[in-house]
Amino acid sequence: MDIVAHVRVRPDSPPPAPGRVTGSGGEDVRLLLAIAGGRDRAAFAALFGRFAPRLKAWFQRTGTPPAQAEDLAQETMLAVWRKAELFDPGRAGAATWIFTIARNQRIDAARRDALRVFDGDDPSLTPPEPTPPDDAFVAVEQDRRVRAALTALTPEQAEVVRLSFFEDRPHGEIERVLGIPLGTVKSRLRLAMRRLRAQLETPNKAATGDSH
Amino acid sequence: MNTPPPSPGHPPPGHHPAEDALLRHAAGTLPAGHALVVATHLRFCPSCRDGVRTGETTGGAILEDMAPADLSPGALDRAMARLDTAAVAAHAAPPVRFQGVALPAALGALLAPRWRWTGPGVRRIVLNPPGAARAERVWLLRVEPGRALPSHGHTGWEAACVLSGGFTDRTGHYERGDVAETDESARHRPIASRDEPCICLIAWMGPLTPRGVLPRLFQQLNGM
């Protein structure tokens, strides 16, 4: 069971919220596959143009000084070039995959290269069933769905979710920034996460998730 | 791999990391020790792997929505110039096997060669994950069957993942792959199951608050 089944059995999935940029997820996937398949430098340049400035902004927002933020953006894009063969469009959208690389770059920088939180490349975490070829772009749909799910959160929930991505001591910092008690931060985050998961994961996941 | 509680007398415990911990794990903003506990749990739990993936997808959307920052002049050229020297994708380090469990490679690298006596029926391996806060402790703890840890409270969070055996405290019964998370308000006295030694990866923040003279001595001897 995976997101593929979810998308198939839910043709009534909500349309993207009006007025939002729907992203160029499909185009980004194409660029990544061009790098993976043909070491396509033009594709890399296009991807760099789209993501490097956003990566720099993200690193800065997480508290990295500007010069180091640009270095990390560079390193992230070079890692994208090196690891493009490992990108599986059936498992993650382009932005999601690049995000995980950036996150690991930041953790490695902070922890002197020694501990990665979650190694998405790890073969033991690869789902056992291969992604059918005609579903290869399903993660683009997944990205679209997460955007719809994010816009469906209350503004308060969306805020704690965003801050969770930017603050290393999220609960304490969020508590300070928003001026709300820690218990409220946690309960908002949990509610938000449940709503995101309900939107994105298969309905029977709870039943199947506990068995190997 | 969440086996049900061994008897119907136990209420269903919280065997998974809390949803906010999964989200922060995906975001890369969990403390180092807590992240290691969650990463270990993910080895056992497809459902939480899906949860982390949802968090990562959220991260992808947030990244895409960032207002672009200005790059320094020539940034693209510098990146392009490095493409030819960029090494081919390195393979991920193989997971480490411990007690029949595939652990994150990062955890395996931290394992010290031997267990150290910690108290009656209790031994530990102290881990020092890079990036851990000064007040953060990360141990592999081995408790002989039926043994109890001294009753103690916390001044910060605690997170544990059972690697083998099981334990029970007032919050529930935990077995292989289960995660127990507590916060500073919690006070507990974990007891290992009777059938086999209980081995846990355990991380916590801040000093423990043992009750009684012997437990305090136990704490001081062990730097808890």
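Which residue of strand 12 of chain B is the bridge partner of B:Phe167? The partner is B:Ala192. This is a predicted model.

B:Ala192 belongs to strand 12, which is part of an open sheet of three strands in chain B. The strand order is 9-8-12, and the pairing is antiparallel. Strand 8 covers residues 166-169 and is joined to strand 12 by two bridges.

Strand 9 (172-175) and strand 12 (191-192) stand at the edges. Each has a single partner strand, so one side of each is left without a neighbour in the sheet.

## Chain B overall

Chain B contains six helices and 14 strands. It has 224 residues, of which 56% count as buried. The chain exposes about 9500 Å², with carbon and sulfur atoms supplying 56% of that area.

Take the contacts in chain B between residues at least 6 apart in sequence: 66% of them join residues at least 24 apart.

## Where the chains meet: two helices

Two packed helices are described by the angle between their axes and the distance between the axes. Helix 9 of chain A (residues 182-200) packs on helix 1 of chain B (residues 19-27) at an angle of about 75 degrees, and their axes are 8 Å apart. That makes the two helices roughly perpendicular, because angles of 65 to 115 degrees count as such.

From helix 9 of chain A come A:Lys186, A:Leu189, A:Arg190, A:Met193, A:Arg194 and A:Arg197. They meet B:Glu19, B:Asp20, B:Leu22 and B:Leu23 in helix 1 of chain B. By type, the residues of this contact divide into four nonpolar, no polar and six charged.

Terms used. Residues are numbered from 1 along each chain as its sequence is written. Chains are lettered from A and ligands numbered from 1 in the order in which they are written. This is a predicted model: local features need pLDDT of at least 70, side-chain atom pairs count only at pLDDT 80 or more; totals for chains, interfaces and linings use all residues. Side-chain values use heavy atoms; hydrogens and water are left out. Axes are lines fitted to C-alpha atoms, for helices over the stretch in contact, and angles run from 0 to 180 degrees between N-to-C directions. Helices (H or I, at least four residues) and strands (E, at least two) are DSSP runs, numbered from the N terminus. Angles under 35 degrees count as roughly parallel, over 145 as roughly antiparallel, 65 to 115 as roughly perpendicular and the rest as oblique. Contact means heavy atoms within 4.5 Å. Ala, Val, Leu, Ile, Met, Phe, Trp, Tyr, Cys and Pro count as nonpolar, Asp, Glu, Lys and Arg as charged, and the others, Gly among them, as polar. Buried means under 20% relative accessible area, exposed over 50%, partly exposed in between (1.4 Å probe, protein chains only). Accessible areas come from the Shrake-Rupley method with a 1.4 Å probe; for residues, only the protein chains shown count as cover. Two strands pair if DSSP finds at least two bridges between them.
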